[in-house]
Amino acid sequence: MRYALECVHCGRVFEDDSLVRCPECGGLLEVTLRYDEIDVDRSTFESRGLGVWTFRELLPVDEEPVTMSEGGTGLHPCDRLAEEVGVSSLQVKNEGENPTGSFKDRGMTVGVTKARELGAEVVACASTGNTSASLAAYAARAGIRCVVLLPAGKVALGKLAQALFHGAEVIPVDGNFDDALSVVKRLADEGLVYILNSVNPFRLSGQRTIAYEICLQRGWDVPDAVVVPVGNAGNISAIWQGFLDLYELGLIEDLPRMYGVQAEGAKPVVEAIRSGAEDIEPDPEPETVATAIRIGDPVNAVKALRAIRCSGGWAVAVSDEEILAAQRELATTEGIFVEPASAASIAGLRKFVDMGEIGGDEDVVCVTTGHGLKDPEIVMKTCELPEPVPPDPEVIAERIKGA
Ligand SMILES: *Cc1c(COP(=O)(O)O)cnc(C)c1O
Ligand SMILES: [Zn+2]
C-alpha cells in the first residue's frame, strides 16, 4: 500500500480504510503517504490538466472517482490589493470556483469515492453550510443516501438551497455546529452513517490538493506565506500536509509559513497560539457574520496548531466589520466575489502585515474558501438598489453625467 492511516494522538498505524477514528485511543486519523512507494516527479503532474485528480498518485483511492472536475481553481494575481495592503506579491487561490462553490468539493470527491468503495449506505455530516452543499451534490452523483445536520437558522441561503435541492435529508438542529457534529460522530461510531466531516481522513487528503495546485501553478516556487480562514481547522492542516508531501517527495525545495485567521467571536485557535497552549479552550457560544467559521470547538485544532507552529506562522482574529470591508474590497478592486469567511483571509493578511508577521517584501497566497453568491443576503444588507426610472435615454443620460 502506498498509504496508511496514522493516529494523530497515539501514533499507531492502520491499513483499514473503513476506520474514521483510531480504534485504540479514539484519536483522529491522518493519511500518511509512503513516499518510497510513490514514483512521481514534477513532469508527472505538469503533463496533465489542473484538478484534484491530477494528483491521483497522492490520493488514497484506486477506484473510479465520483467527480465533477473539482479543483483547478484560479490563482489570481492581485497587484492593486497587494500594493494597498503592503506586500510585494499577493495571489488569491479562489476556491469558490469549485463545482458547488467551495473547497469542500476537493474533499468530497475523494471522501465520497471512498464511501462508495466501502459500500456505505448513508453518508452524513454536520455543517455550517458548505459541507452539506458539497456532500449533497456528490452523494447524489454517487447514488448514496445523504443526511445533513445544520444549526437551525444559521446557514446561508445559497448553501441551504443546494443541500435541499440535491435531495439531501436536511435536519435542522436547535444548537450550533459543534452540537450537531457531536451527534453525527456518535451516529458514525454506532455504524448508522458514514461520516464526511473533516474528521474523515480521506476527505482531508483531497483538500491537500490546494497546496499541490499552488505549487504546480507557480512552477514549483513556494510562496513565503499562505493565509487561510480557520473554522474546524481541517483545511489549514490539510494544506500544510500537502506542502510537506511535496517537500518529502523532492518536488519543492522550501516550505511556506502557514497563517490562520478566525473571527473575533469564534477564535479558540488564535487564543491557543497567543498563549502557547497545547490544545484549545472551546468557546461554547461562537458568533460571527462569517457563518462558515462560526465554530467554537474545532476538531482538527491540534493539527492546525502544529501546522502554524512548525511552519513558523501565526494566527489572528478579525472583527465582523473587518471581514465585510475586506469582502467588499476584494470584489471592487479585484473582481473576486467571495463569501464572508473567505474574506477573513484578506482581513487577516492586513493584520499580519501591520504586526510585522508578514514582511512588505514577501510573496503571499491567500486562500478564499467559498463563493460570494453563497450568502447574497449579507451583501444586500450593505448595498443600495436605487428606485426604478422610466426607460428614457434623457433621464438615464442625466444620471450618468452625474446630475
Ligand atoms: C468550511 C469552510 C471554512 C473552514 O474550513 P475548516 O477546514 O473548517 O477550517 C472556511 N470557509 C468556508 C467558505 C468554508 O466553507
Ligand atoms: Zn490512537
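## Ground rules

Because the model is predicted, local features need pLDDT of at least 70 and side-chain atom pairs count only at pLDDT 80 or more, while totals for chains, interfaces and linings use all residues. Residues are numbered from 1 along each chain as its sequence is written, chains are lettered from A and ligands numbered from 1 in the order in which they are written, and side-chain values use heavy atoms, with hydrogens and water left out.

## The chain as a whole

Let's start with the overall form. Along the principal axes, the C-alpha atoms fill a box of roughly 75 × 45 × 45 Å. The secondary structure comes to 15 helices and 13 strands; these are DSSP runs numbered from the N terminus, with at least four residues for helices (H or I) and at least two for strands (E).

Of the 403 residues, 58% are buried. Buried means under 20% relative accessible area, exposed means over 50%, and partly exposed lies in between, using a 1.4 Å probe and protein chains only. The accessible surface of the chain is about 16400 Å², and carbon and sulfur atoms hold 49% of that area. These areas come from the Shrake-Rupley method with a 1.4 Å probe, and for residues only the protein chains shown count as cover. Among contacts with a separation of 6 or more, 72% are between residues 24 or more positions apart; contact means heavy atoms within 4.5 Å.

## The zinc site

Now for the metal. Four cysteines coordinate the zinc ion (ligand 2) through their SG atoms at 2.3 Å: Cys7, Cys10, Cys22 and Cys25. Donors are N, O and S atoms within 2.8 Å of the metal (3.2 Å for Na, K and Ca), and sites may look incomplete because water is not among the atoms. The angles subtended by the four donor atoms run from 99 to 118 degrees, which makes the arrangement tetrahedral.

In sequence, the donor residues of the zinc ion (ligand 2) follow the spacing C-x2-C-x11-C-x2-C. Cys10 is partly exposed at 32% relative accessible area, and Cys25 is partly exposed at 41%.

## The three-stranded sheet

Strands S1, S2 and S3 form an open sheet in the order S2-S1-S3, with antiparallel pairing. S2 and S3 stand at the edges with a single partner strand each, so one side of each has no neighbour in the sheet. Two strands pair if DSSP finds at least two bridges between them. S1 and S2 are joined by two bridges, and Glu6 stands opposite Val13 in S2.

Strand S13 (residues 363-368) is mostly covered, with six of its six residues buried. Asp363, Val365 and Val367 point one way, while Val364, Cys366 and Thr368 point the other way.

Strand S5 (residues 89-94) pairs with S13 in the parallel sense over six bridges. Here Leu90 has Val364 as its bridge partner, and Gln91 stands opposite Val365. Strand S10 (residues 225-229) also runs parallel to S13, over three bridges, with Ala225 opposite Val364. S5 has five of its six residues buried and pairs with strand S4 (residues 75-77) in the antiparallel sense over three bridges.

## Two residues up close

Ser132 lies in helix H4 (residues 130-142) and is buried, with a relative accessible area of 1%. Leaving aside neighbours within four places in sequence, Ser132 is in contact with Cys125, Ser127, Val148, Leu150 and Ala163.

Leu192 belongs to the loop between helix H6 (177-189) and strand S9 (194-195) and is exposed, at 56% relative accessible area. Not counting residues up to four places away in sequence, Leu192 touches Val122 and Leu187. Leu192 and Val123 are 69 residues apart in sequence and 9.1 Å apart in space, C-alpha to C-alpha.

Technical notes: Tetrahedral: all angles 85-135°; square planar, octahedral: opposite > 155°, others 65-115°.
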